[in-house]
Amino acid sequence: MSDQPRRPHKPHRRPQKDPVRILAFEALRAVDERDAYANLVLPPLLRKAREKGDFDGRDAALATELVYGTLRRQGTYDAIVAACVDRPLREVDPPVLDVLGLGAHQLLGTRIPPHAAVSATVELARVVLGDGRAKFVNAVLRKVAQRDLDGWLEKVAPPYEDDPEDHLAVVHSHPRWVVSALWDSLGGSRAGIEDLLEADNERPEVTLVARPGRSTTEELLREEAAVEGRWSPYAVRLTEGGEPGAVEAVREGRAGVQDEGSQLVALALAHAPVEGRDALWLDGCAGPGGKAALLGALAAERGAVLLASEKQPHRAGLVARALDGNPGPYQVITADGTRPPWRPGSFDRVLMDVPCTGLGALRRRPEARWRRRPEDLDGFAPLQRELLRTALESVRVGGVVGYATCSPHLAETRAVVADVLKQFPDTELLDARPLLPDVPALGEGPDIQLWPHLHGTDAMYLALIRRTA
């Protein structure tokens, strides 16, 4: 038997649990596993953490930045991580990729010191993945830390001159097909597409709407960190991380959270000239209710009535909640807009904000860019055309239809309008631009296209059509 003294076992160190990064990881897993949206998953997770006493305001801000930053830059970070591993990314487990994405964002997209970013992410990996895979995470992140973001982009992005679309896709973290589609919608300008892709990766401000007859912008501007909207007379922006749930008028339903582009679509339809009576308005795809609430309030000011129709019962419930307390009469129904229960020619104004790919709201739902596929356009196309046909049949002669989408893709905007109007020769496209006189750069007309980089709004599209016979 050896006389050598035994070396004491190194005590096994328990990994340090970091509530902020664990919550960010849980949110990313929900987005990946359940096709959830971060803007729906994150708030209840943050609320629960606050109730447990784990979080303060700075923790919540960091968790939010980690989740949204990782999702927005996922394409870029995947390209960088791929250059640091010895296997295709599809062979790396999705939870490991989520941890690597969080680490890459801390290294390349925040001011967190590199050693702290690596060590905190490795500790997270030990907690959620185990020691073995934590070693893999450590090795990969140490390679990522050897360059800054610009250095990595120079290495992993093809030169613009060789492949412009792939270059922009890697540098600005959008799928190539989305880059191509947005570029077409902008008319081919390099400066324009780069500005748009950069705007898609910026955190949008929270915008409130003061619902007429129930609240005012003056009331909302008394809130801390509140400033005037850019374009809508009913808009107020919350800066510096303002929390809409802390606003009394929002809690009471007298004001709501609504992008300014969405407000402008409703305002343009409400301002469009109609011939004759102006008594009955329709929102034919009303869920979740933001535009319906604004339209209902504007209708009430003129003594008109709004009918808000929504196919999905739970979304119809959201519409009813948004309209509750409206100063004038309204009705909310659950109905299929392609098989309407109302008679043709019933309405003076019709808004049809159709289901779409949502490519105009990538600032708010960054995961949508990775979830959508080009073939999704074929799935939406028949429904969009049928809903516009229904809208045109539902409006009376002399009345106006607004066709709207939260996508700038030409296949969802002008192509739909052009195809359907071939079947309705007794119509005319109205020039919508003069209805928003203070808003610049609305396009060549007669329709309107809003842009994040030009207007600070979602990329909403609107065409106004009058029935002439």
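The largest nonpolar core of this predicted model comprises 49 residues, and those with the most contacts inside it are Phe55, Val67, Val137 and Val144. At least two residues of this core come from each of α1 (19-34), α2 (38-52), α3 (57-72), α4 (74-82), α5 (94-109), α6 (114-128) and α7 (131-144), with α1 giving the largest share, nine residues. Once neighbours within four places in sequence are left aside, Val144 is in contact with Ile80, Cys84, Leu107, Leu108 and Trp152. Apart from this core lies another, of 40 residues, whose members include Val265, Ala272, Cys356 and Ala361.

Within the helical set, α6 can be followed in more detail. This helix has 15 residues and reaches 21 Å from its first C-alpha to its last, close to the 21 Å expected at 1.5 Å a residue. Its buried residues are Ala117, Val118, Ala120, Thr121, Val122, Glu123, Leu124, Ala125 and Arg126, and the buried residues of α6 pack against α1, α5 and α7. Just after α6, Gly130 adopts a positive phi of about 100°.

A further site is marked by the record: an unreviewed UniProt entry lists Cys406 under "active site". Cys406 is found in the loop between β9 (395-405) and α19 (414-421), and it counts as buried because its relative accessible area of 16% falls under the 20% cut-off. Not counting residues up to four places away in sequence, Cys406 touches Asp353, Cys356, Gly358, Leu359, Gly360, Ala361, Asp458, Ala459 and Met460.

Methods:
Residues numbered from 1 in each chain as written. Predicted model: local features only at pLDDT ≥ 70, side-chain atom pairs only at ≥ 80, totals over all residues. Heavy atoms only, no water. Core = buried A, V, L, I, M, F, W, Y, C linked by side-chain atoms within 4.5 Å. Buried < 20%, exposed > 50% of the residue type's maximum accessible area, 1.4 Å probe, protein only. Helix = DSSP H or I, 4+ residues; strand = E, 2+ residues; numbered from the N terminus. Contact = heavy atoms within 4.5 Å. UniProt positions renumbered as here; feature names shortened; annotations may be inferred. Expected span 1.5 Å × (residues − 1).
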